[in-house]
Protein chains: 2
Amino acid sequence: MRDIYTHQKSAAEFARAMKVIPSGVYGHLGPAEGCFIPVEAFPLFGDRASGSYIWDVDGNRYIDYMCAYGPNVLGYNDPDVDEAAAKQREKGDCMTSPSTVMIDFAELLVDTVASADWAFFAKNGNDVTTLAVMAARAYTHRKKIIFFDGYYHGVAPWTQKIDYAGIIEEDVMHNIHLPWNDEFALEEAFEKYKGEIAAVISQPYMHGNFRDNILPEKGFWQKVRKLCTENDTVLIVDDVRAGFRLDIAGSDHYFGFEADLICFCKALANGYNVSALCGKEFLKNTISSLSYTGSYWLSAVPFAAGIACIEKMKRLNSPQILLDRGFKLKNELIRAACDFGFDLRVSGVPSLFYLRLADDPSLMLHQEWIAECVKRGIFFTNHHNHFINASLSDDDIKETVDVAREAFSVIKDRHPDLSSRKGLTDAERK
Amino acid sequence: MRDIYTHQKSAAEFARAMKVIPSGVYGHLGPAEGCFIPVEAFPLFGDRASGSYIWDVDGNRYIDYMCAYGPNVLGYNDPDVDEAAAKQREKGDCMTSPSTVMIDFAELLVDTVASADWAFFAKNGNDVTTLAVMAARAYTHRKKIIFFDGYYHGVAPWTQKIDYAGIIEEDVMHNIHLPWNDEFALEEAFEKYKGEIAAVISQPYMHGNFRDNILPEKGFWQKVRKLCTENDTVLIVDDVRAGFRLDIAGSDHYFGFEADLICFCKALANGYNVSALCGKEFLKNTISSLSYTGSYWLSAVPFAAGIACIEKMKRLNSPQILLDRGFKLKNELIRAACDFGFDLRVSGVPSLFYLRLADDPSLMLHQEWIAECVKRGIFFTNHHNHFINASLSDDDIKETVDVAREAFSVIKDRHPDLSSRKGLTDAERK
């Protein structure tokens with residue numbers, strides 16, 4: 001049996017953080033968002049990272065399947081990306097006039113992303129989803145935006161919900177929420193609000209938290225594209241989370257359609273801080289007409305990192321590597337669960353897999369299993385999709401599956417009533 | 001006479017940029033915002049930066065008074081800040097769990113900024129002004145926000161204006177615009193909208209573009225503070241632009257009052273990409289209740305840079321250095337103008353001085369003079385305040401004034417009718 005990790009230093013640091021930072025660690029990296037249950041199982045503060053590993057402040061090493069919630073796509077501290085960034089830093093980063101690496105980066109994106117005729121850079125995914133919605137409203141002179149249930153498009157007021165703190169009804173009164181994969185509901189909305197819909201905004205597939213992720217049904221995206229085109233509505237793909245993990249040419253390309261606007265962030269520069277909106281020629285002048293800028297948006301170092309990152313992703317064909325490794329891991333985890341009599345559901349695209357142990361609808365068993373994995377050095381979380389990075393090795397996958405088996409064994413012993421079912425049939429395993 | 005700079009390569013790169021980037025160079029760094037008139041006088045692309053200098057892609061060197069529009073506060077590529085950042089980068093930057101440097105940075109801000117009981121980090125100034133307004137609405141359960149004319153609080157829809165592209169009336173319908181320095185208008189608004197005003201948001205003094213900057217009148221801030229307290233309204237100071245250039249303890253401290261929430265960005269980490277909202281204890285739980293996060297917000301490298309930057313600013317007492325150098329430059333520029341018969345108005349705090357040649361109300365003469373300075377290696381702009389950095393030397397100031405004199409001489413020869421007036425009186429010079 002492996003050593004069980006503990007987090008004394010992490011807990012002490014968290015107590016220190018609580019004094020001077022709201023929530024101690026806020027947002028998706030903190031315990032309050034609900035993915036860290038039980039919180040004692042998780043390290044709240046990290047010390048260092050390299051390749052596919054992170055080390056916490058207590059000295060524990062983890063194989064990291066969160067990848068900083070996406071940015072780590074090539075492996076932490078990738079030497080090629082870091083070298084390009086360091087070289088640019090010697091010349092300058094945030095300067096009074098932008099560096100021409102900005103143009104090089106835009107040209108590379110236009111060459112790489114199928115639906116990109118131009119690129120606009122900012123810092124957050126939220127900056128570019130907001131820009132996309134503003135552009136759609138400016139172009140169409142309409143107000144309404146269609147969202148699909150399970151969406152996450154950042155934290156700006158327009159994308160939140162009326163019952164969230166700090167949001168007023170005027171922020172969200174033109175938002176229409178529709179079920180994912182429902183062509184008829186979409187058709188109905190376009191009929192009901194004829195000439196009023198500025199944009200449809202959607203992730204390339206439903207990868208929301210706290211639920212199995214759902215791929216688009218055959219023909220769904222083509223129907224969305226057709227309805228948008230017929231109604232002069234701008235089709236915005238939010239590829240912040242999935243971008244470059246399905247297809248180097250964009251997740252719209254992966255699913256066989258073209259967005260009008262596509263938002264990138266996380267995997268764009270292997271963790272260097274930059275986001276991008278790319279789009280079609282017909283919206284370029286509209287983007288120019290908006291008042292939209294930020295202090296650090298034209299900083300040169302993240303552009304240099306982004307160029308090195310995209311060039312390396314293309315050289316490696318990294319989306320295929322991530323899909324293959326994710327597929328292998330998925331199958332071996334399902335087999336391990338099955339061997340211990342558990343029903344592990346793995347949903348979403350394998351390079352962004354979502355996990356759920358279906359044997360207990362309360363998800364308590366799932367949380368226990370995840371905790372036993374984390375305490376043995378595999379950084380999964382409970383209710384968020386995971387991320388594969390290109391430095392993840394076969395040995396890492398083997399160690400992950402070994403730990404998963406040990407964790408299944410522990411919870412099987414703890415809950416003999418829940419683990420007594422038979423293994424999955426082959427059909428269920430697919 | 002000095003060599004006149006030309007920008008052939010810059011122009012060629014701009015043509016390349018226009019193909020793949022909306023506006024070529026967008027926002028405050030681009031020509032479209034109106035500060036670069038005539039555009040031929042300005043370099044649109046930079047190559048490198050060091051200390052108080054920038055070099056454009058044509059190889060021209062400038063003494064830079066824009067400081068990347070604020071972030072460069074210690075000098076470009078400050079060795080202490082860069083060393084701290086590089087050391088942290090070896091360990092990790094954007095990781096699955098945040099580094100404890102986040103806590104160290106928050107503790108340092110709480111120790112340094114008078115009105116800070118806690119700190120919350122993000123990427124853009126816009127992220128933290130938006131967070132501040134959301135917090136005020138959540139805390140007060142009210143909608144209305146008071147702005148002062150000449151404001152700039154970022155680019156989120158709530159802070160723009162109804163006639164801007166992409167903005168809908170619901171974005172801005174609860175915004176109240178009042179004249180700066182007008183106690184009575186403020187009192188009237190609080191009376192008219194009794195119990196409805198969530199927040200007053202303001203820069204520490206009026207440093208808007210295209211107009212002389214205006215300091216607060218004696219007692220104005222104390223009146224604002226009093227009215228906010230009496231009406232349970234949250235007082236938000238947007239110190240994104242002026243922060244750490246007036247007072248290391250915050251610009252509210254400089255003007256003798258305390259904000260409830262204070263927004264920092266530009267000078268926080270000498271160009272490393274980070275922003276911060278600091279605030280009073282009574283709002284800490286409200287901040288925790290909001291749904292607010294971003295992919296890169298807990299990246300460790302900018303925190304390490306921010307710590308080194310603030311520690312060095314404190315060690316140097318840099319706000320005093322910036323004020324002193326700005327004051328010296330201001331006086332010598334006014335004297336130079338006077339010697340050539342021009343009326344140069346220098347407004348705002350000297351570390352963020354705003355320039356206007358008052359001899360020609362159309363501002364054409366001003367634009368010509370600025371252009372003659374830029375073409376000789378002094379990077380001023382026409383209609384935006386300027387920024388002093390701590391590496392600016394006495395020799396730099398001397399060179400700046402020499403160039404300014406040469407530029408005055410050129411425009412005096414060109415416009416003998418405008419420059420025939422007498423020098424300023426001592427009273428006018430103040």
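Arg2(A), Glu368(A), Glu372(A), Lys375(A), Arg376(A), Glu406(A) and Arg414(A) are joined in a network of salt bridges, a salt bridge being a side-chain nitrogen of Lys or Arg within 4 Å of a carboxyl oxygen of Asp or Glu. The model is predicted, so local features need pLDDT of at least 70 and side-chain atom pairs count only at pLDDT 80 or more, while totals for chains, interfaces and linings use all residues. Residues are numbered from 1 along each chain as its sequence is written, chains are lettered from A and ligands numbered from 1 in the order in which they are written, and side-chain values use heavy atoms, with hydrogens and water left out.

Helices (H or I, at least four residues) and strands (E, at least two) are DSSP runs, numbered from the N terminus. Arg414(A) counts as partly exposed, at 41% relative accessibility; buried means under 20% relative accessible area, exposed over 50%, and partly exposed in between (1.4 Å probe, protein chains only).

Helix H13 of chain A takes part in another pair. Arg61(A) forms a salt bridge with Glu399(A), with 3.2 Å between the closest N and O atoms. Arg61(A) lies in strand E3 (residues 61-64) of chain A and Glu399(A) in helix H13 (residues 394-414) of chain A, so the pair ties together parts that are 338 residues apart in sequence. Arg61(A) is partly exposed, with a relative accessible area of 27%, and Glu399(A) is also partly exposed, at 24%. Over all chains, a search of the whole structure finds 54 salt bridges. Side chains of opposite charge can pair when their charged atoms come close.

Some of these pairs cross between chains. Across the interface of chain B and chain A, the rule finds ten salt bridges. In one of them, the side chains of Glu169(B) and Lys143(A) meet at 3.0 Å, N to O. Asp47(A) and Lys91(B) also form a salt bridge, with their closest N and O atoms 3.1 Å apart. That pair runs from strand E1 (residues 46-50) of chain A, which holds Asp47(A), to helix H2 of chain B, which holds Lys91(B). Asp47(A) counts as partly exposed at 25% relative accessibility, and Lys91(B) counts as partly exposed at 36%.

What does the rest of the interface between chain B and chain A consist of? The contact (heavy atoms within 4.5 Å) takes 101 residues from chain B and 101 residues from chain A. About 8,500 Å² is buried between the two chains, and carbon and sulfur atoms give 58% of this area. Buried area is the accessible area (1.4 Å probe) that two parts lose on being put together, summed over both. Tyr26(B), Thr96(B) and Tyr296(B) supply 10% of the area that chain B buries against chain A, more than any other three residues.

Between chain B and chain A there are 60 residue pairs in polar contact, both residues being at pLDDT 80 or more. A polar contact is a pair of N or O atoms within 3.5 Å; within protein, one must be able to donate a hydrogen and the other to accept it, and residues adjacent in sequence count only if both atoms are side-chain atoms. Elements that give two or more residues to the side of chain B that touches chain A include helix H1 (8-20), helix H2 (79-91) and helix H4 (125-140) of chain B.

Pro157(A) lies in the loop between strand E5 (144-148) and helix H5 (169-172) of chain A. Not counting residues up to four places away in sequence, Pro157(A) touches Ile167(A), Asp171(A), Val172(A), Thr130(B) and Met134(B). Pro157(A) is buried, with a relative accessible area of 13%.

Two loop residues of chain B are also buried. Phe342(B), in the loop between helix H11 (318-339) and strand E11 (344-347) of chain B, has a relative accessible area of 0% and is buried. His383(B), in the loop between strand E13 (378-379) and helix H13 (394-414) of chain B, is buried at 2%. A polar contact of 2.8 Å joins the side chains of His383(B) and Gln367(B).
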